[in-house]
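Thanks for making the time this morning.

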Amino acid sequence: MDLGAYVWRNGKFVKSEDAHISLVNHALHYGSGVFEGVRSYQTVDGGSAIFRLKDHYERLFYSASILELEIPYTIEELMEVTMELLRKNNLSAGYIRPVAMFGENKMGLNPKGAVLEVFIAVWPWGKYLSDKPIRVGISPWIRIHPKSLQCDAKVTGHYVNSILSNLWAVRNNYKEALILDFEGNVAEGPGENLFIIKDGKLLTPKPGSILPGITRNSIMQIAKKELGIETIEKTITKEEVFAADEVFFTGTAAEVTIIESVDGKKIGDQKNEVSEKLKTIYDEVVRGGKDQYKDWLSYL
Ligand SMILES: Cc1ncc(COP(=O)(O)O)c(C=O)c1O
């Protein structure tokens, strides 16, 4: 990967090559960090903008509150330095990774007393999955039980479940995994939310065992405003996925990624008419091509 020349760390812009962490870092040992994944895009007017930056920082603060980690900056300060960091790295279209974690000076499970680390790294990142429909397999690993961890918080330690699922998928020649919840219903991908379309209805798993994504929310709003389709949040079985007309993933990294097959079973007639429309509109919205969504963009 091609990390930008500068990162922002604990209040300062520093050269990436000079930014190191201690071997006895609490988050490194126990997963006690929170993070975000944000994208910036080149806009249709030749500029650059970050998509839903404030919403991502709001979720970062929410995730931090679950770990009782107090971020010593405001959302506005972090938004400002994020934009400055992209400018410093000359990165108009890129991926932004803010992290807050319990750092050094404390071992043992209680993180209180560890030195806090807050940093932002950026790098160019093209397609995460694919522009074309992908093959997905149902992971043998179930999503973390909502009574084991708080699924709607983006905590670094939660991601081992996603890593295992993705490793399994790739080992089995799938592009990505689909993860079921503890009751055997569909939850989400390792880093993506799932939508299905059936008889013109748009459905997505209800919150509980998922990270309710910002892209998921964007797609729900776009589907309503642009196509007049309301999204139904409900329990979705894997049989409903197999029988769907169209299926797609959403996520900041994955954007809208259409699913061709699940466990080798082809989905619908493969035309993906509604999903393709949503994908096209989403790609326009993130690039400032639609005025009514300009509030979602922070222009550099
Ligand atoms: C587990 C999980 N689900 C869903 C998503 C999609 O969320 P968003 O659209 O906010 O990127 C992500 C990515 O952050 C994720 O890690």
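In the contact between two helices, Ser218, Ile219, Ile222, Ala223, Glu226 and Leu227 in α5 meet Lys277, Leu278, Ile281, Tyr282 and Val285 in α7, where contact requires that the C-beta atoms of two residues, placed from the backbone, lie within 7 Å. The residues of this contact divide into 8 nonpolar, 1 polar and 2 charged, with Ala, Val, Leu, Ile, Met, Phe, Trp, Tyr, Cys and Pro counted as nonpolar, Asp, Glu, Lys and Arg as charged, and the others, Gly among them, as polar. This is a predicted model, in which local features need pLDDT of at least 70 and side-chain atom pairs count only at pLDDT 80 or more, whereas totals for chains, interfaces and linings use all residues. Residues are numbered from 1 along each chain as its sequence is written.

As for geometry, α5 and α7 (residues 273-286) pack at an angle of about 105 degrees, with their axes 10 Å apart; the axes are lines fitted to C-alpha atoms, for helices over the stretch in contact, and angles run from 0 to 180 degrees between N-to-C directions. The two helices, α5 and α7, are therefore roughly perpendicular to each other, a class that covers 65 to 115 degrees. Helices here are DSSP runs of H or I with at least four residues, strands are runs of E with at least two, and both are numbered from the N terminus.

Which helix gives the most to the shell around the ligand? That is α5, with 3 residues. The ligand is surrounded by 14 residues, the closest being Gly213, Ile214, Thr215, Gly251 and Thr252, and a residue counts as near if its C-beta atom, placed from the backbone, lies within 6 Å. By class, this shell has 2 nonpolar, 9 polar and 3 charged residues.

Turning to the domains, whose bounds come from an automatic or database domain assignment, the chain is divided into domain 1 (6-123) and domain 2 (134-286). Their contact takes 21 residues from domain 1 and 11 residues from domain 2. On the domain 1 side, the largest share, 6 residues, comes from α2.

Finally, strands β1 (residues 6-9) and β2 (residues 12-15) pair in the antiparallel sense over 4 bridges, pairing being assigned if DSSP finds at least two bridges. Within that pair, Trp8 stands opposite Phe13 in β2, while Asn10 in the hairpin takes a positive phi near 45 degrees.

Definitions and conventions
Angles under 35 degrees count as roughly parallel, over 145 as roughly antiparallel, 65 to 115 as roughly perpendicular and the rest as oblique.
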